[in-house]
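This report goes through one protein model, from overall counts down to single residues. Please look over the sequence and the 3D view first.

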Amino acid sequence: MRRTAVAAPWVRTRLRAFPGAAVALGLLVAVTAFLAAAFPRAVDAYETEGLRHRIAGAAPPDSVVEVTVPAGPGTGEAHVRPEALRTLHRAVLDALPEPVRADAAQSSYGLRTTRPLPASDPGLPAPDGLPPEFTLATPSGLGLHATVRAGRLPTAPATAAAAGVEAAVTTDTAESLELSPGSVVHLPRAGRGPLAVRITGVVQPRSPRQAYWSVEPRLRTPELTARHAAGAPRFFWDAALLLPPEAAPVLLGTAGEPQGFWRIAPATEHLTARDTPALTGAVASLTGGPDLLAVRRRLGDAAAVDTRLGDLLASHDGMRAAIGPVVAVAAAGVGTVAVVVVGMAAGSAAARRRDELALLRARGGSLGGIGGRLLAETAVVAVPAAALGLVLAVWLVGSDRFGYAAAGAGAVALVACGVLPVRAVFPHRRPGVHRGRDDLVDARPSRRRTVAELTLLVLAVAAVAALRRRDAGAGGADLLAGSAPVLVGLVAALVLVRLYPLPLRWAARPARRLRGVVGPLALARAARSPAAGALPLLALLVALTTAAFGGSVLAGVTAAREEAALLATGGDARVSGAAEAVPVPDGLVEAVRGVEGVRDAVAVQVEYGVPLADRPGVPGSMSVTLIGVEPAAYAELARRTGQGSFPAGALRRAGDGDGGRVPLLPAVVSPSVARLMGAEQRLVQSHAGTFRVRVAGVRERTPAVPGADFIVVNAAHLTHRADTVLLVSGPVEGGALRSAVGSAAVGFSVRLRSEARAGFVESPMQTGAERVYAGAVAAGAGYAALALLLALLHGAPGRAALLARLRTLGLSRRQGRWLLGLEALPQALLAAVGGTLTGWAAVALLSPGVDLARLALAAAPGLAAFDGAPLRADAWSLVLPAAGVVVLTSAVALGQAWWVTRRGSVGELGAGEAR
């Protein structure tokens, strides 16, 4: 029996015939699918980490949910005993709405006095003759959050009528108030004799910065509080005594207005970025909605819920909304370049198989049949490669969002599978034997192309207008505004493609008069480049525009952080006391100036909240910051830091105002103060003295305070001169400066400019967004380089054959290298110059709608002193990528010329001619 021969399968035959092309396509698809799948997961990951860090890293008073119930005169002792408070604590936890959950380890409850009680014992420290004041508290779980350093924990129960009670103090309180086990503190009570509080132990807090100890900092560390009266402020100690929960009833007999408290530290491990809207709604309901009513049903109608967690969530949303459009620009740019590169790869494959497909079409092959086979052979490679990229993205980038990643990888596979059949089949709609040359210079745009270009132009104008009209601080990402730089690059590429033939024609005429053959031949070869060469130009322009925009964003972020750090410190370092009005002690200035690296240390007197009259004779209605300075040193500091430079002589002249009874001082003021004062004198009554001021200069900023309404005067004319801040200049080392300050003064802190700058990048959302943006720009640059290489390699056989023929006609090796280099140079220069101009134009057009402050600075409350971070073009980001394009093009062209001339001409001439 005769067997019929079975034709070899198409897909298997093609893959076996061209394994290198299949591997290259699979690698390109895998990398692109990985990036498409990793991007949404990376964004979700840094948003999730940002949400958790925003809550967990915030100061406990800003994140804790505190439930309070006043314990009035009618409150029975049974209601404040440990068993009752523990039951109510469980009820509060049950009332928390999802996704609000409690961190049991840092949550606490108990009874505390809301009004501090002054101690009557004469042996306690009284800095300015004022007795210390104590808060009584019975926090739960004291033994779990503290280590006993001396004595023992208090355990004795007490009733409301008890005359004495046991208590513990922290090590800081014991040191500052000179207390030890056995000490007795007497506190006043209503209608009875004083309450004797016996200290039984000194404890060391564990995790003192966590919520248990830091919601009410005085529980662990006493505060030196200022009481302002006539003249200089007077200070007294404000501390806490820790009673056992069994002694809670004794607080009912004091005049401290006790209240029950339940401090719920929020847990963050279960939160994701998708929980933000639900968490915001839950917090709003808990503080003033149905969940507040649920709490009151359990604790009573007097229960109140207070938290600043909503402000943290609003700050997180604001930062995410501001970062979103900037990251969307990078995603749109790299996505566009990736699509163009995939299209170029498919076009290169279609060009190699043009004769094969033309033969199939001439022998009766249908478009559907040819396209189906091409789709099958591409899908066999692209689909597994896209799946591999998706698996790698899921494995390497931690996130629980799989849908967006799968959609991105699927889109890449769909594009990779569909581009080759479309690009290969479209030119063969009608069978043909020979097609004319498709030179870029001679190509005439069709009507459809003109309509498409006009449509892109309209979209680009709409996107730019939408982004420019948007409030820079409002944020919010949308597709049109996020793709604005890409659309600008697309329009610029289309314009340059239309203008490209003109300079070639202008240069060809004078080149013909040259004696050599290299110049005219190179221009002729550049003019004969195929019209499909617009795709590499498109990829390069979009990549350069995205790189310029991204580089300008990153450079702007760095500059904004530097400026904000300078505003926060006023110099390279800032030395100040624990309280606002603590004066600089004698010897501190000299000790600081003696530290290696310190160029100068300027002492200034800063007083906040000074009232300023809005018109003569009227009490102050505006609070300003009074700054007393030594004119020469402070003027030099302002000039060196670029913060409101002014001539020192503007503050040195002093006169008499109000008939000589009150001195008149010239002042450098902020614009808001200048608008209030005008040309008139104003009376200032402060702790530093009483005087009148007149405007001698107006400055937006000054080194001593960041962005406040300020008045700078000559400190020599103040009645009570007391410097409170040191502004240090010079490359000083932090450890040496802190050592010098610690040895010369007690309670003074040092803040370095470098530390302030580092503090602005504490948010994982910022660092994550920067990493994603930098990765996107790097990926776009890689795709652009690949597009350039594909374009050069696509014409490599023709250039090699041409060079081989010319070598047989007497062209030297040096001339051959010059020929290939000059042939590739026009498009490289066009892309470089066009990319630089397009990047600069994109930044200039889009800068009014972009504010980098949220991306640059971590804490939203700190932005009040910062007037925004506008986007500005960065020269290096414009020039370096463009120069890289020219260098890479020249290197590839010269490398090919070296290789061809090294191999010789016989092999190339025997390979046949390229059309």
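## Terms and basis

Buried means under 20% relative accessible area, exposed means over 50%, and partly exposed lies in between (1.4 Å probe, protein chains only). By that scale, Glu66 and Arg263 are both buried.

The model is predicted: local features need pLDDT of at least 70, side-chain atom pairs count only at pLDDT 80 or more, and totals for chains, interfaces and linings use all residues. Residues are numbered from 1 along each chain as its sequence is written, and side-chain values use heavy atoms, with hydrogens and water left out.

## Overall make-up

The protein chain has 915 residues, and 49% of them count as buried. It holds 30 helices and 22 strands. These are DSSP runs, numbered from the N terminus: helices are H or I with at least four residues, strands are E with at least two.

The accessible surface comes to about 41700 Å², with 60% belonging to carbon and sulfur atoms. Accessible areas come from the Shrake-Rupley method with a 1.4 Å probe; for residues, only the protein chains shown count as cover. Contact means heavy atoms within 4.5 Å. Among contacts between residues at least 6 apart in sequence, 81% join residues at least 24 apart.

## Salt bridges

How many salt bridges does the structure hold? There are 25. The criterion is a side-chain nitrogen of Lys or Arg within 4 Å of a carboxyl oxygen of Asp or Glu. One of them joins Glu66 to Arg263, with the closest N and O atoms 3.1 Å apart. This pair links distant parts of the chain: Glu66 sits in strand β1 (residues 65-70), Arg263 in strand β11 (residues 258-264), 197 residues apart. Both also belong to a network of salt bridges that links Glu66, Arg112, Glu216, Arg218, Asp238 and Arg263.

Glu680 bridges to Arg682, with the closest N and O atoms 3.0 Å apart. Glu680 has a relative accessible area of 42%, so it is partly exposed. Arg682 is buried because its value is 3%. Arg721 bridges to Asp723 at 3.1 Å between the closest N and O atoms. Arg721 is at 43% relative accessibility and therefore counts as partly exposed. Asp723, at 17%, is buried.

## Strands β17 to β19

Strand β19 (residues 689-698) pairs with strand β17 (residues 662-669) in the parallel sense over 6 bridges. Two strands pair if DSSP finds at least two bridges between them. Val668 has Gly697 in β19 as its bridge partner.

Strand β18 (residues 682-686) runs antiparallel to β19, joined by 5 bridges. Here Val684 stands opposite Phe691. A hairpin of 2 residues connects β18 to β19.

The buried residues of α13 include Ala405, Val412, Cys417, Leu420 and Val425. What covers the buried residues of α13 includes α2 (19-56), α10 (309-352), α11 (354-362) and α12.

Helix α12 (residues 367-396) includes Leu396. Leu396 counts as exposed because its relative accessibility is 54%. With Leu388, Leu392 and Trp395, Leu396 forms a nonpolar surface patch of about 460 Å² accessible area together. Patches are made of residues with over 30% relative accessible area and no salt bridge; like charges are joined within 9 Å, nonpolar side chains (Val, Leu, Ile, Met, Phe, Trp, Tyr) within 5 Å.

## Backbone details

The peptide bond from Glu98 to Pro99 is cis, with omega near 5°. Pro99 lies in the loop between α4 (82-95) and β2 (108-113).

Glu178 is not a glycine, yet its phi is positive, about 55°. Its loop runs between α6 (171-177) and β7 (184-189). At 59% relative accessibility, Glu178 counts as exposed. Glu257 also has a positive phi, near 50°. Glu257 lies in the loop between β10 (234-242) and β11. Its relative accessibility is 44%, so Glu257 counts as partly exposed.
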